[in-house]
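Hello,

Here is the structure I promised to send over. Please open it first, then read on for what I found.

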Amino acid sequence: MITLDQIEKNQRAKIVSIDTDLLPLKLIEMGCLPGNEVHLEQLAPLKDPMYLVIDGCHLAIRKETAQHITIDLIA
Amino acid sequence: MTTNLNVALIGNPNTGKTSVFNALTGLNQKVGNYPGITVEKKQGSCRLNRTTKAHIIDLPGTYSLNASSMDESVVIELLLNKNDKDYPDVAVVVSDIENLKRNLLLFTQIKDLEIPTLLVINMSDRMQRKGISLDIALLEQKLKTKIALISTREKTGIDQLKEFILDYRSLSKESITDIHAIDSDYFENLEKVFPNQSLYKLWLVITQDVNFAKLERKKVEDATDYKTQSESHLKRLQQKETIKRYQNINNALKETYTVDINSATDIRSRLDRVLIHRFWGYIIFFMILLTIFQVIFDWSSIPMDFIDKSFSKLSELTKANLPPGLFTNLLAEGIISGLGGIVIFIPQIAFLFLFIAVLEETGYMSRVVFLMDRGLRKYGLSGKSVIPLISGTACAIPAVMATRNIENWKERLITILVTPFTTCSARLPVYLILISLVIPEGSFLGMGYQGLTLMGLYLLGFVMALLSSALLNKLLKIQSKTYFVIEMPNYKLPLLKNVGITVFEKTKSFVVEAGKIILAISILLWVMASFGPGEQFNNAEEIVRQEQAQYQLTEEALSTKIASHKLEHSFIGILGKTIEPAIAPLGFDWKIGIALISSFAAREVFVGTLATIYSVGNDQEETIKNRMAAERKPNGEALFDLPTGVSLMLFYAFALQCMSTLAIVKKETNSWKWPMIQLFSMTVIAYLSALTVYQILA
């Protein structure tokens, strides 16, 4: 298990758990919930923020936020 | 007898909600503000049949009813307040076919409010390309609603939507979420304390910080059973609520919504690869900016020349055809000259609004936010500061409001404080006229010197904004959680109608708002310039005739001397002379001083002020530019030479001469402290840089 900020391009993962107290509700409402699939679409030129697709929803978050999301890579 | 229906349009950002609004209302719309706050209120009307009209409110875009900004609070406040005159008879939730699942979260929340709710699924033209198929009848059953499948792009489905709205009484008001399933203990308790009330509404009153609910909240807070819950417990419940809703949505979509990935063609990732490329991304962004400035300068010059000539003609005709007298002078010299000073800039301002609208409509703006976030964070800003900084080139007021979606308070405050450095459209008139007076016409590598100067001034504004952010980032000791979440919407070709309406509405309100101030100030200036106290003004003619008696002047030269003597001793002349010592080191004379003072109402008044001052007592009707070019220093050289021109431009680049900006900053930061700090430091910076540059160049 790793945190979401360590995901690399072309890897797919499933969200295992999220730190509710530290994540904004908005992110959760956009589909960032345990069980949902996530992959990295692109990293910004300076390696941050991350352009992710979570459960079909395209969004960008900063790495420091991604640290609060635990994922499991799908082989 | 026509009946009026209240219709509320609700939806996530980027679902094309505004396109639906435009498709329904056309130009029958007006944009105002919600009372007391600066959230934009868009409403319009639409005829449904011969006897029924719909009054449509386009509510601010929101991802859910859990509000995190003032704009989003507006949505809840309206939907919870049955006594509001705009309380909807029917709620229309707009969703987009590609993000249906996420959009439905808000739908299920609205559905719990006991308002007849219908669902619009927009962008149906994309279904085939994305390989999406949808069983509408089944989905209608599962969501207990009516679904209008529409495409605002291809103008399909709008009539069906109107029929559904007309038939709103047949819509089910039944909820599709069992709120007890979130936390049965908590909600059973709540139900005991408040029997016969909608639990979801109570829950919103408890969790949301909305103004209207204050009274009711008090009632709720007095009930002891609810008080035991801590904030983090409430948040966990909100999360559970979200999970529960998504479970229902997934169940509803499982049998009704299918995507055949093989037939999907995706242009998004191909475009993204280029537009947010580590090298090309920045180059493309820079090229876009460059093109915008070149266009603003080049394309607008033809209509501008035409408007300038028309106004001087109008002024001339007024004088020639109306009986001479005070009123005619006021009209020709005060009002027409002053208004000419604003109308002339309509072409440029419209172009600017056009470009900003296109950048936002296409979805490109989010990419710029993504590209710039890491870089801007060094300066204490957020990637989302890009939108205020870019829309600040139109006007600082909407730009300051656009900071609301920056989640982090420190980043937001810094953005608000530095946004007025970006070159707003009100500075444009000042720059344009000064550039055309003092910068030569040649060109360099295909870019005219004048266009390059303008671009330089825009860059200067951005650089100054960045430098001051870096400074503020060091100085401000504010700890706040950093959140940054931004949706990356799919690329869209902008809809001509949307862009057209935006440009029209924004230009109109700019001209009307600025026009009112300018009209008032023009009249005031004309009065102050046409009257004065004491001997020197009232007997100007005799005094000048006596002084000049020895010089054998022609009658014409003499009357010019008399006019300028009068102006010098009018009320405005005295005012200008008083501040002249302070601004003389910057290369400004007392007439420019007057323009500086009146600019504090709004910068764009500058040109109109000079036009009014220079035309008082002057019978030759000239264009504004020619009048300014004809102004002389006491030694006979042109007043607007390079040092004075550059010094003035720098002063306008840095000074915060805009009462409306101060007012909006006060509103958004809730104190006079920040606008006052802003006003003081920007004025000092402006004065010192104008002083330095003038002393070096002169």
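How many bridges join β1(B) to strand β5 of chain B, and do they run parallel or antiparallel? Five bridges join the two, and the strands run parallel. Strand β5 covers residues 90-96 of chain B. One pair to look at is B:Val7, whose bridge partner in β5(B) is B:Val90. Please keep in mind that this is a predicted model.

Within it, B:Leu9 stands opposite B:Asp58.

B:Leu9 turns up again in the largest nonpolar core, which has 194 residues. The residues with the most contacts inside that core are B:Leu9, B:Ile10, B:Val92, B:Val93 and B:Val120. In general, nonpolar side chains tend to be buried together in soluble globular proteins.

Take B:Val120 as an example. Leaving aside residues up to four places away in sequence, B:Val120 touches B:Val20, B:Val92, B:Val93, B:Val94, B:Ser95, B:Ala148, B:Ile150 and B:Leu161.

**Chain B: overall**

Chain B has 33 helices and 12 strands. Buried residues account for 44% of its 698 residues. Its C-alpha atoms fill a box of roughly 100 × 60 × 55 Å along the principal axes. Of the contacts in chain B between residues at least 6 apart in sequence, 74% join residues at least 24 apart.

Helix α3 of chain B runs over residues 100-111, 12 residues in total. From first C-alpha to last, α3(B) reaches 16 Å, close to the 16 Å expected at 1.5 Å a residue. Is α3(B) enclosed or open? 11 of its 12 residues are buried, so α3(B) is largely enclosed by the rest of the structure. The buried residues include B:Arg102 and B:Lys111, along with B:Leu104, B:Phe107 and B:Ile110.

B:His277 sits in the loop between α12 (267-275) and α13 (280-299) of chain B. Why does B:His277 count as partly exposed? Because 15 other C-beta atoms lie within 10 Å of B:His277, and the partly exposed class falls between 12 or fewer (exposed) and 20 or more (buried). B:His277 and B:Leu371 are 94 residues apart in sequence, yet 8.6 Å apart in space, C-alpha to C-alpha.

**Where the chains meet**

28 residues of chain A are in contact with 34 residues of chain B. On the chain A side, α1 (25-29), β3 (37-43), β5 (57-61) and α2 (63-66) each supply at least two residues. That side divides into 15 nonpolar, six polar and seven charged residues.

Three bridges join β5(A) to β12(B), residues 485-487, and the two run antiparallel. A:Ile61 stands opposite B:Val485 there. Elsewhere in the sheet, β2 (residues 12-18) and β6 (residues 69-74) of chain A pair in the antiparallel sense over six bridges. A:Arg12 stands opposite A:Ile74 in β6(A).

Best wishes

Notes
Residues are numbered from 1 along each chain as its sequence is written. Chains are lettered from A and ligands numbered from 1 in the order in which they are written. This is a predicted model: local features need pLDDT of at least 70, side-chain atom pairs count only at pLDDT 80 or more; totals for chains, interfaces and linings use all residues. Two residues are in contact if their C-beta atoms, placed from the backbone, lie within 7 Å. Helices (H or I, at least four residues) and strands (E, at least two) are DSSP runs, numbered from the N terminus. Ala, Val, Leu, Ile, Met, Phe, Trp, Tyr, Cys and Pro count as nonpolar, Asp, Glu, Lys and Arg as charged, and the others, Gly among them, as polar. Two strands pair if DSSP finds at least two bridges between them. A nonpolar core is a set of buried Ala, Val, Leu, Ile, Met, Phe, Trp, Tyr and Cys residues joined through C-beta atoms within 7 Å. The expected span of a helix is 1.5 Å times one less than its number of residues.
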